[in-house]
Amino acid sequence: MISTEEAFSILENLSYPERVVEVPLFNARNHVLAEAVFSSINMPPFRQATMDGFAIALHDELHYEIIGEVKAGDFFTEQLESGQAVKIFTGAAVPDSANAVIPVEKITVMDTILSVHERMKPEANIRQLGAQITKGAIALEKGTLLNPAAIGFLAGLGIPTVKVFKKPRIAFITTGNELVHHTEKLPEGKVYDSNTLMLTTALFDAGFDDVQLYQVEDDFDEVWKMLKSAIDNNDVIVTSGGISVGDYDFIGKALESLKVETLFYKVNQKPGKPLLAGKKDDKIIFALPGNPAATLTCFYVYVLPTLQKRSGMDYRYGSQLMKRLADDFIVDNVRSQFLKAFVSDDEVTVLSHQDSGMLNSFAIANALVYLPYGNYRLAKGDKVSVYSI
Ligand code: AMP
Ligand code: MG
């Protein structure tokens, strides 16, 4: 049995081949740029009115002659003489010969005569050509996560496709004769399958969409076949259940027979002690214990950072921040614990119902508190390690 820190360090030291794909911007969300993106245009591509009002060719007087109108999307080709104005709308191209935009609130119009209430400075209310980015400049650096704003920015520059780090294709295999789909009637002795939908949801939430689902009975040959197929066709294989020491736990034996190298098996932690991580070529296999809270804890703590690392995203093994305990807490455990908890502001409350088979407290948790094994007392206000989830 190894410590959580040793397990993290083994995973941290794995390296993965960099795989790059070019994808349409439409499919690029939540991916990380594998190379910088350059802008092929100035943005804005013309001097742009930032207000509804009049574009004017400035002169010393307060009256202007209105000679036309420019709507958003129009391009006004006539020349304005000094003292002339065109009506203009937000987002429209300011004629080259105009040198200020005066907002509609600061003018009066009589027929074709515009009277301005105050003098405008040159280039007032005009967004300059290339003010956001100039043609040829770097729009986004390699390593940028494509969030909604980044996608919008690149779309606004007319970028059709981007090169991103390829995300792993993930197999999720649920084992257990006792499992029944949550839409079916529950026969005696059976339980509903929580893990398949839970893990799929967690994967989608984290931006991993390429997920293949498998379900298998507790039968060595079936488990072996399913695992072989999952390993052949996916980059990361996650299993739930069947990794303990029971007579019908076949995941470990099947992985061994499939020549999967064990990176570690059994971590000194609660929940999730029987966790196994293995490797075959560039593929990585996580065998998670089947108790739902253990499955999800191991997912957040071990699987998710690994998926993020493989995708070029920011990741971190080990806890991310420190928070103050809202209550006293006694630790008396030979295993390090990940406890369902709720963080508000700077305080963290450890929730009840920590049993690894129970999801009720997990459902309202927004964090896991990590407490190293031992026999010690923590007081309200003491700082503890926390994972946000
Ligand atoms: P195992 O790790 O296979 O020994 O399973 C441990 C416990 O988790 C047992 O009570 C199983 O019934 C339960 N379990 C395993 N897989 C699931 C699942 N997909 N959904 C809900 N409970 C599960
Ligand atoms: Mg089982």
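N234 counts as buried because its relative accessibility is 0% (buried means under 20% relative accessible area, with a 1.4 Å probe and protein chains only).

The model is predicted, and local features need pLDDT of at least 70, side-chain atom pairs count only at pLDDT 80 or more, and totals for chains, interfaces and linings use all residues. Residues are numbered from 1 along each chain as its sequence is written, and side-chain values use heavy atoms, with hydrogens and water left out.

The two pockets are set out below; a pocket is an open set of points on a 1 Å grid, where a 1.4 Å probe fits, with protein on both sides within 12 Å along at least five of seven lines, and lining residues have an atom within 4 Å of a point.

| Pocket | Volume |
|---|---|
| Largest pocket | About 580 Å³ |
| Second largest pocket | About 350 Å³ |

Of the 19 residues that line the second largest pocket, Y300, L304, Q308, S388 and I389 are the closest to its centre. The largest pocket lies between domain 1 (4-17 + 167-310) and domain 4 (321-388), because both give residues to its lining, the domain bounds coming from an automatic or database domain assignment.

Note on methods. Chains lettered and ligands numbered in written order. Buried < 20%, exposed > 50% of the residue type's maximum accessible area, 1.4 Å probe, protein only. Points joined across faces, edges and corners; volume = space filled by probe spheres on them.
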